[in-house]
Amino acid sequence: MLRMEQNNDELDSLVRKRIRALRVAQGWSLEELAGRANLSQSSLSRIENGQRRLALDQLVTLARALDTTLDQLVETASDDVIISPMIDGAHGLMRWSVKSDPGMTVVRQRMTEPPPDNPARMRAHPGHEWLVVLSGTAVLMLGHRRFRVETNQAAEFPTMLPHAIGAEGGPCEILGIFDRDARRGHLRENRSTGKDCAPDLPRTT
């Protein structure tokens, strides 16, 4: 539901700046966006510069032309911006919950062991995972393939493929991101094995 009043100067200014920023990000001139939104170039210029009242019907049209939604166009930032991690000292894990999607989890871990040689120890479950190597070199086993992921490189893969992650040539530190299905898959597997809720990462030593 849209909650926007014309006397809200802070929100009004934010929306105008957002329209201009989205236009510039697309590489469009005032004339190009005005044409897409069925506005005159002078009207769009006055909207961006705060010289014309923001009308709801124009905002809907501009949102559509900018390939976004009205709700996103008038969305305000939350005061609760900083997220502190939950720390699992026993397994060297730091976890952050993503507020916009409570089913998504970010995990930071230092690994010292290589991935398992036995394919039977690789996991598979619904979902999608992303990882970024913060330091060292990680090895991602994905089905029958082996990938080296260096510092500052990232990997993205569907977790329905059997997979495992480990370190190569010394400790490495990674940041893993798990979507709702992948996180649920880890929870089910860890409950069935009696382990703590940790991702597909070897435990630290």
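Reader: How many cavities of 30 Å³ or more does the structure hold?
Author: One. A cavity is a set of points on a 1 Å grid over the protein atoms alone where a 1.4 Å probe fits but cannot get out. The model is predicted: local features need pLDDT of at least 70, side-chain atom pairs count only at pLDDT 80 or more, and totals for chains, interfaces and linings use all residues. Residues are numbered from 1 along each chain as its sequence is written, and side-chain values use heavy atoms, leaving out hydrogens and water.

Reader: What volume does the largest cavity have?
Author: About 30 Å³, as space filled by probe spheres set on grid points joined across faces, edges and corners.

Reader: Where does the largest share of the lining come from?
Author: Strand 9, with four residues. By class, the lining of the largest cavity has eight nonpolar residues, one polar and one charged.

Reader: Switching to pockets. Which residues line the second largest pocket?
Author: Pro114, Pro115, Pro116, Asp117, Pro119, Met122, Met141, Gly143, His144, Arg146 and Pro162. The volume of the second largest pocket is about 150 Å³. A pocket is an open set with protein on both sides within 12 Å along at least five of seven lines.

Reader: And how do they divide, nonpolar, polar and charged?
Author: Seven, two and two for that pocket. Asp, Glu, Lys and Arg count as charged, Ala, Val, Leu, Ile, Met, Phe, Trp, Tyr, Cys and Pro as nonpolar, the others as polar.

Reader: Gly143 is on that list. Where is Gly143 in the hairpin?
Author: In the turn, with a positive phi of about 65°. Two residues separate strand 5 and strand 6 there.

Reader: Do those strands pair in the parallel or antiparallel sense?
Author: Antiparallel, over five bridges, with strand 5 at residues 138–142 and strand 6 at 145–149. Pairing takes at least two DSSP bridges. Met141 has Arg146 as its bridge partner, and Leu142 stands opposite Arg145.

Reader: What order does the open sheet of three strands have?
Author: 6-5-8, paired antiparallel. Strand 6 and strand 8 (163–167) stand at the edges with a single partner strand each, so one side of each has no neighbour in the sheet.

Notes: 1 Å grid on protein atoms, 1.4 Å probe; cavity = no way out; pocket = protein on both sides within 12 Å on 5 of 7 lines; lining within 4 Å.
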